[in-house]
Amino acid sequence: MVKFSKELEAQLIPEWKDAFVNYWQLKKLVKRIKLSQTPNPPPPSSAAAAFISSLAGKFRRLPSDHHLSQVKKKKKNDSFEDGDPNEHHETELSQFFSEEDEVKIFFETLDEELEKVNEFYGSRESEFMERGDSLREQLGILLEFKRILEDRRRKISPSASFSRSSSTFSPRHSSFSENTESNETSAEVSETDEAIAALEKHGVTFINAAVRGKTKKGNKPMMALRVDIPATTPARTISAVMGMLWEDLINNPKKDVSGDSISRKKIQWAEKMIRGAFVELYKGLGLLKTFSWLNMKAFVANQKASASYLQGVKKSAFISSDKVVRLMDEVESIFTKHFANDDRKKAMKYLRPQQPKDSHMTTFFVGLFTGCFVSLFIVYATLAHLSGVFSGPNEVSYMDVVYPVFSMFALLSLHMFMYGCNLFTWKQARINYNFIFEFQSSTALKYRDAFLICTTTMTAVVGALVIHLILGLSGFSPVQVDYIPGLLLLIFVVLLICPFDVFYRPTRYYFLRVFRNTVFSPFYKVLLVDSFLADQLTSQITLLRLMESAICYFTAGSFGMRRGEVCKSGTLYWELAYLSSFLPYYWRAMQCARRWFDDNDLDHLANLGKYASAMVAAGARLTYSRQDTHFWFIIVLVTSFVATVYQLYWDFAKDWGILNPKSRNPWLRDELILKRKGIYYLSIVLNVILRVAWVESVLQLHKLHIRNIESKMLDFLLASLEVIRRGHWNFYRLENEQLNNVGKYRAVKTVPLPFLDADSDG
């Protein structure tokens with residue numbers, strides 16, 4: 001049987017851990033009481049049970065529950081009357097055992113923990129109840145909008161009658177012309193009043209709603225309601241603009257008859273937002289239910305001897321309240337009826353998505369492909385050594401064809417391996433990366449899947465290397481053999497965009513969407529996953545340069561151009577080199593600019609400066625590689641030093657949240673997920689060393705007295721070290737984000753609601 005402490009640790013909600021009962025502290029207090037009592041210890045069945053059993057006689061003499069609650073209230077009121085509301089109030093339990101200090105401390109702590117749990121549960125319950133009420137109103141407004149639009153489509157033909165009726169309702173305002181005929185105006189007023197009255201049933205208020213008369217200009221008063229679709233993407237921005245056009249078309253129907261199609265689009269956006277809000281509400285209610293159940297077990301575990309105490313605990317709000325359960329049932333009913341076409345099974349797929357079980361087949365294939373990769377690599381190394389492709393006249397041509405493509409895949413696979421290690425360590429440390437990145441738990445990549453992708457890719461790459469080498473040694477035409485790396489690259493691209501549900505399609509498409517958001521950073525609202533991917537790309541500049549070389553090689557060959565001139569030293573080569581070196585930093589800088597625009601936080605501008613300094617350093621390095629002069633060497637040295645110091649400071653102080661000299665953990669932070677502080681100090685040193693190694697690759701000092709192949713291999717090694725550094729950085733970045741969520745008790749997303757009062761924006 002699993003101990004309750006292990007069960008509590010396994011099921012505890014990480015973001016709410018500070019609100020849970022401190023079960024381990026209470027166990028320590030019980031042990032201290034045990035040691036302070038008689039030398040004859042009770043049987044070692046359970047420390048808590050033995051202690052409370054020994055006090056069973058004392059508990060029988062406790063006063064009634066009613067008297068106990070009255071004493072609690074009196075003590076609490078006395079503390080406020082004395083002018084110190086923060087003074088801890090003692091209960092009858094702590095007064096009863098006042099002669100025994102350890103027992104008194106235990107019951108005082110127990111009382112504090114019970115009050116803490118009750119207070120947190122009450123605040124979260126009230127928050128979810130308010131959210132539920134708001135969603136009911138939002139759903140009612142949505143249904144009224146849909147009914148009005150449906151009535152229009154059913155009753156009005158696409159003629160002048162459509163134009164007359166379509167002007168009767170607008171989410172912002174309705175205007176009526178004094179010049180229309182009297183019967184037409186009265187019909188419009190009647191229908192408008194009907195729509196307004198229907199919406200007011202659901203809590204929608206309008207400016208001057210009590211007075212439905214005309215204004216001085218003869219128009220109806222403006223209604224204080226708007227449909228708010230957040231402009232987080234270009235599509236939503238366009239939708240907001242089209243919404244304005246829609247309102248104009250509704251109010252001036254003679255201009256166009258296409259307003260109805262625009263209104264349907266806007267209603268679909270609103271429906272999607274409300275559906276997502278219901279899903280998050282249901283998730284939060286489920287977490288609160290788990291919170292209640294775990295704390296109840298913690299309080300009543302092994303305390304059967306204290307009937308009076310158990311009765312008091314069971315009357316607490318976090319146990320006795322049934323509001324959460326009733327609201328969960330109501331959400332299930334609403335979601336099934338309005339968002340799942342009365343299909344409960346379909347509704348439960350949204351509300352309770354099933355976690356995919358780990359497959360042993362995945363582990364088997366990881367081991368299989370790892371063995372295949374190692375074997376094929378040994379075969380390749382042996383054949384390459386015996387054939388002498390890395391020496392003699394074949395060295396340059398072989399490295400031009402093979403090195404860019406296969407090094408690119410190797411770096412990509414290494415990054416995927418590091419990501420798999422991140423997923424494993426985040427899971428072990430109970431860092432909720434699915435919530436932080438807003439992944440769907442049913443389709444999110446797991447660490448075994450990441451390792452499978454990595455080993456499969458490397459097996460295919462090394463297998464292609466072996467085939468390329470064997471065919472080249474067998475007398476095949478070099479032109480034909482050289483298409484093997486290009487074919488491998490083409491297969492990878494096709495597989496990445498493949499529309500069929502194979503090879504992790506949800507993950508592939510999610511990656512493509514995030515990459516699109518990164519490329520068009522200023523036009524999309526920046527989420528953490530977007531900035532996270534952009535940070536990964538800043539560590540893969542070598543990969544982008546290799547991709548540029550590979551594409552240039554195959555493109556130049558197809559068009560009959562001289563590959564040596566175009567892909568090594570031509571004007572186009574240097575232009576692409578500057579572009580590929582700048583792009584990741586530019587994308588990340590634009591994300592910082594967008595976040596500053598959205599949040600008005602100067603830290604984002606400071607972060608933008610970091611990436612701007614990195615761009616300056618990268619440009620200086622490329623210029624130095626073209627103009628090997630002492631002046632440019634000094635420029636490279638200065639810019640690289642400034643950029644590296646800037647990056648190190650931001651790594652530690654902002655991204656990791658450490659370097660706090662006043663922390664109780666010297667130069668770290670107050671809250672640490674890892675138990676051994678030495679790991680953090682070691683990680684600081686390792687991050688500095690790997691950053692300096694990156695600077696060494698920047699200066700290109702290693703290319704002074706070594707051959708071309710050795711230079712390329714050393715470039716690849718240093719690029720691999722930067723990928724490893726980024727994987728190491730990833731863990732602490734998400735650890736800091738997790739602790740920020742814990743500090744703010746963020747366990748579910750807050751989905752914006754579409755229907756807002758116009759005067760709520762201030």
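This is a predicted model: local features need pLDDT of at least 70, side-chain atom pairs count only at pLDDT 80 or more; totals for chains, interfaces and linings use all residues.
Biologist: What is the overall make-up of the protein in helices and strands?

Modeller: The protein has 30 helices and two strands. Of its 762 residues, 44% count as buried.

Biologist: How many salt bridges does a search of the whole structure find?

Modeller: The general idea comes first. Side chains of opposite charge can pair when their charged atoms come close. In this model the search finds 24 salt bridges. One of them joins Glu-330 to Arg-136, with the closest N and O atoms 2.6 Å apart. Glu-330 is in helix 14 and Arg-136 in helix 7, so the pair ties together parts 194 residues apart in sequence.

Biologist: Which residue meets Arg-725 in a salt bridge?

Modeller: Asp-651 does, at 3.7 Å from N to O. This pair links helix 30 to helix 28, 74 residues apart, and both residues are buried. Another salt bridge, at 4.0 Å, is formed by Arg-733 and Asp-655, which likewise lie in helix 30 and helix 28. Arg-733 is buried at 15% relative accessibility, and Asp-655 at 11%. Shared partners also join Asp-651, Arg-691, Glu-722 and Arg-725 into one network of salt bridges.

Biologist: Which residues form the positive surface patch?

Modeller: Lys-3, Lys-6, Lys-27, Lys-28, Lys-31 and Lys-675 form the patch. Helix 2, residues 23–36, gives the most to it, with three residues. Lys-27 lies in that helix and is partly exposed, with a relative accessible area of 35%.

Conventions. Residues are numbered from 1 along each chain as its sequence is written. Side-chain values use heavy atoms; hydrogens and water are left out. Patches are made of residues with over 30% relative accessible area and no salt bridge: like charges are joined within 9 Å, nonpolar side chains (Val, Leu, Ile, Met, Phe, Trp, Tyr) within 5 Å. Accessible areas come from the Shrake-Rupley method with a 1.4 Å probe; for residues, only the protein chains shown count as cover. A salt bridge is a side-chain nitrogen of Lys or Arg within 4 Å of a carboxyl oxygen of Asp or Glu. Lys and Arg count as positive and Asp and Glu as negative; His and the chain ends are not counted. The place of a charge is taken as NZ of Lys, CZ of Arg, CG of Asp or CD of Glu. Helices (H or I, at least four residues) and strands (E, at least two) are DSSP runs, numbered from the N terminus. Buried means under 20% relative accessible area, exposed over 50%, partly exposed in between (1.4 Å probe, protein chains only).
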